[in-house]
Amino acid sequence: MRKGLTFNIAGVLGPRAGAWFGAQRISDLWPQGVVSFTFDDFPKSAFAVGGDILERHGARGTYYTALKLAGIENDLGRSFDESDVLAAHQKGHEIACHTHTHINCAQSSLSTIKQEIRANAQDFSGLVAGATLENFAYPYGAVSPRAKQSLKWRFQSCRGIRPGVNKDVPALAELLANRIYAQEFDGEKISDLIAQNKAEKSWLIFYTHDVTDDPSPYGCTPGQFETVVSEATKSSPIRLVRDVIASLRGMGN
Ligand SMILES: [Zn+2]
């Protein structure tokens, strides 16, 4: 099989996270660095509040969604409804994959992972005709060499929860990401990270869950989220994960 081309799980030919994608580097494309905001699990507040904050700053976010969780109530508050997925998509946010039922990929068989990915894709294309889920985040940040090896051939990128900035040629099978959690929120530390990303001309990815006045241990307050978005927009362009990948592949704007 030729280098750079492979069949993914779905049997579709195309560049994936596992394939070298050319000479475009983050530092060439974004001399000020680039920042992405992502949400896992898609609590309603992530879109209603977090999405609104991003939109007011002219930015959009990437929502890693396990579509089976629609309408449920859990420790993150109320989950998205299908109408939220549609509205987020229509407003230019990215809907991305987080398995169908939020499984731990490190503890699941490849056939289970494959079935989960397929079920989530089917649900999404049922909501938005013709739309696909191009990027993935590991639920719980749980990765294993086997899961990475499999998923990197299915998605354009897979995001984990290990912190740090993604350098010139990022590890697309496990993108680094930094959490915005209320209980440990440190504005100075976040400013330093944004400044570091700009200086290193790299790709900084944030993630959180709910955005409410009384957040879960995995979310943050609207004020905290606003602080990070505002600070980031002063330093670097904000882009969807999908758009960063497209640019790296020479297919973006
Ligand atoms: Zn999750």
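Biologist: Which residue is the bridge partner of V34 in β9?
Modeller: In β9, V34 has W203 as its bridge partner. This is a predicted model, in which local features need pLDDT of at least 70 and side-chain atom pairs count only at pLDDT 80 or more, while totals for chains, interfaces and linings use all residues. Residues are numbered from 1 along each chain as its sequence is written.

Biologist: How many bridges join β1 and β9, and in which sense?
Modeller: Strand β9 (residues 203-208) pairs with β1 in the parallel sense over six bridges. Strands are DSSP runs of E with at least two residues, helices are runs of H or I with at least four, and both are numbered from the N terminus. Strands pair if DSSP finds at least two bridges between them.

Biologist: And what about β2?
Modeller: Strand β2 (residues 62-65) is also paired with β1 in the parallel sense, over three bridges. There, T62 of β2 stands opposite T38.

Biologist: Is β1 buried or exposed?
Modeller: Seven of the seven residues of β1 (residues 34-40) are buried, so the strand is largely enclosed by the rest of the structure. Buried means that 20 or more other C-beta atoms, placed from the backbone, lie within 10 Å of a residue's own. V34, S36, T38 and D40 are buried on one side of β1, and V35, F37 and F39 on the other.

Biologist: New topic: at what angle do α6 and α7 pack?
Modeller: Helix α6 (residues 187-200) packs against helix α7 (residues 222-235) at about 25°, and their axes are 10 Å apart. That makes α6 roughly parallel to α7, a term for angles under 35 degrees.

Key: Axes are lines fitted to C-alpha atoms, for helices over the stretch in contact, and angles run from 0 to 180 degrees between N-to-C directions. Angles under 35 degrees count as roughly parallel, over 145 as roughly antiparallel, 65 to 115 as roughly perpendicular and the rest as oblique. A residue is buried if 20 or more other C-beta atoms lie within 10 Å of its own, exposed if 12 or fewer, and partly exposed in between; C-beta atoms are placed from the backbone.
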